[in-house]
Structure formats: C-alpha cells, structure tokens
Amino acid sequence: MKKCVYILALALAVSCGKQESGLLPGNGSKTLKVYQQEVRSYLGMDQGNPAIFWGKDEFLKLYYDDGASHFASSDEAAKDANDGKTSGAFTFSNLQPEQAESYTLCAIYPASAAVSSSGGNADSYKVVLPSVQTAIEGSYDPSAFIMVAKTETFTEFPSEWTASFYRAVALNQLTLVGVKEDVKAVVITAEGKSLAGGRYFDLTLGTANEVYAGTSSITVKYKNALAKAAFLDVFFTSWNTTISSGENLSVKVIGTSNTYTKTITAGALGIKF
C-alpha cells in the first residue's frame, strides 16, 4: 500500500440504451451481493505482521444505471467476510432495476461519505472527506478511508459483483518523535490547500473531479489518548495535494497538559499527499 510518510521531531519545550419499461421478471426485486477484496478499511496485526482488515461497521453505497440513475446503501455492515479477515461482502436487497440493454455499476466506501443532496447526479456525485477524523490507535479513521469502485457494465443485472476498488484519498503517516506526554489530538494544516472537504465524483466513469468546500486543516482525534512513547505514528487521510517548495505545513500536537507546534517548510521537491 502506497503511503506518504513524514517524520516530525518534537522537543518537550517546542516541540446504455433502455428497453421497454418494466421490472425484471421475477418477484419485482433483485438482491445483489458485492465483494470487496485486497483493499480493506483499517490497519492491524496478523501474527505479528502489519495487515489490513474489514471491521464491524462497514457500509457501502451502490450506484446502478438501467437508463436512469439509482442509489442504495447496503443492508447491513459486513464483518470479515469470506476468508475471515481480508474480504468484505455487502448485500443490497429490494433493488428494482428495469429491463435494459445494459447495466452500469459503481460503488463508494464508506456509505457515510456519500452526500444525500447529490440526488440523481451520478456524473457529479458529492463525496465528503471529514476534516475531523477519529483514528484507531495504530491505524486511521475507517470513515475517512474513501474508496471508489471501478465502473463496470453488464448485459444482465448481476446477483454478485466482485468490485475492484481504488483508494480515492492519500493515506498519510506522521511520526512524532520525543513526545513526553500522552497525545489527545493532532492538527495538520496547509494554508491554501484543500486537505479535506467535499469532492465531486463521476460515478458513470468511476473518476474524481474537483474539490468543493475544501478545508486546509485536518484534526486527528483519539477516543483514548495515545500513550507517550519515543515514537508515535499518526495516520490520517487527505485529498491528494502538493505543498510546493517554500510553502509551510503546520503540525500541532495537543497533549494532556501542553500543546506543541511545529512548522515545516517544504524543500525543493515539495511535500506530496
């Protein structure tokens, strides 16, 4: 998995054509099971080795086109389906595709990132990356790990679909060095850049378009403060962006008693998220 890794030292003091209308033959509804493999939603350890797993609160947003745009959320969360740790399975029931010459499918993970106000605008669908992320210790916030399926077209509406997803966000690792108290939150700021916020996606093609209502800061919080250590890894996601040479990246570490701030000026190669 490709990641952007930064090391930060902190001292304590400074720190398709539609056919004739009508539902498909049968009971008037269809059930679709979508499988997701290879890319998962959070980091973990498998027999002492880093691994990525599906968790218990995973929902998927489905888009399908039968001559008109339709959207649905998976019935329930998938947990470690198939091989017990590395594949997710999501069920969509009571879908009602009409008869058509072809069916185009796409999907967004997690369903919570999809904005309901998008309506039926599949070519400019709104997806929001949260600027406040509640990370799992040693991992990132699964709700901020946005993935979009590669669009596929079928001549018949499928009952199963093994979707191929790509990561739509940058996965970043920030290592804090020399932190001498527990850490409650970390704030990453790049003025003038859109690190989080909304983005339009064309689900008919499965591609990303422009960012809207972008925010220049991301706050990484923890339900339980990170215990102080010589090295602390902070994981977060952002939209892909570049901090050019001479521009600044600010990192604020909020401890249990003190706050530390460090400003990093990008070198000749810049800093890429």
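## A charge over a ring

The charged end of Arg-199 sits over the ring of Trp-239, 5.3 Å from the ring's centre. The model is a predicted one. Trp-239 is buried, because its relative accessibility is 0%.

Strands of a sheet pair through backbone hydrogen bonds, either parallel or antiparallel. Here, three strands form an open sheet in the order β11-β19-β20, and the pairing is antiparallel. β11 (125-129) and β20 are the edge strands. Each has a single partner strand, so one side of each has no neighbour in the sheet. On average, neighbouring strands of this sheet are turned by 25° against each other, direction ignored.

β11 and β19 pair over five bridges, in the antiparallel sense. Across this pairing, Tyr-125 stands opposite Phe-201 in β19.

## Aromatic pairs

A pair of aromatic rings is described by the distance of the centres and the angle of the planes. The structure holds nine aromatic pairs. One of them joins Tyr-200 and Tyr-212. Their ring centres are 4.6 Å apart, the planes stand at 35°, and the pair is tilted. Tyr-200 belongs to strand β19 (residues 196-202) and Tyr-212 to strand β20 (residues 207-215), so the pair ties together parts that are twelve residues apart in sequence. Tyr-200 is partly exposed, because its relative accessible area is 21%.

Phe-201 and Trp-239 form another pair. Their ring centres lie 6.2 Å apart and their planes stand at 45°, so this pair is tilted. The pair links distant parts of the chain, 38 residues apart. Phe-201 is in strand β19, while Trp-239 is in the loop between β22 (229-238) and β23 (242-243). Is Phe-201 buried or exposed? Phe-201 is buried, with a relative accessible area of 0%.

Elsewhere, ring pairs link Tyr-63, Phe-71 and Tyr-125 into a cluster.

## Around Thr-263

Thr-263 lies in strand β25 (residues 259-265). Thr-263 is partly exposed, because its relative accessible area is 47%.

Which residues does Thr-263 touch, not counting residues up to four places away in sequence? They are Asn-248, Leu-249 and Ser-250. Thr-263 and Leu-249 are 14 residues apart along the chain. Their C-alpha atoms are separated by 5.8 Å.

Definitions and conventions. Residues are numbered from 1 along each chain as its sequence is written. This is a predicted model: local features need pLDDT of at least 70, side-chain atom pairs count only at pLDDT 80 or more; totals for chains, interfaces and linings use all residues. Side-chain values use heavy atoms; hydrogens and water are left out. Helices (H or I, at least four residues) and strands (E, at least two) are DSSP runs, numbered from the N terminus. Buried means under 20% relative accessible area, exposed over 50%, partly exposed in between (1.4 Å probe, protein chains only). Contact means heavy atoms within 4.5 Å. Rings of Phe, Tyr and Trp (its six-membered ring) pair if their centres lie within 6.5 Å; planes under 30 degrees apart count as stacked, over 60 as edge-to-face and the rest as tilted. A charge sits over a ring if NZ of Lys or CZ of Arg is within 6 Å of the ring centre and within 35 degrees of the ring normal. Two strands pair if DSSP finds at least two bridges between them. Axes are lines fitted to C-alpha atoms, for helices over the stretch in contact, and angles run from 0 to 180 degrees between N-to-C directions.
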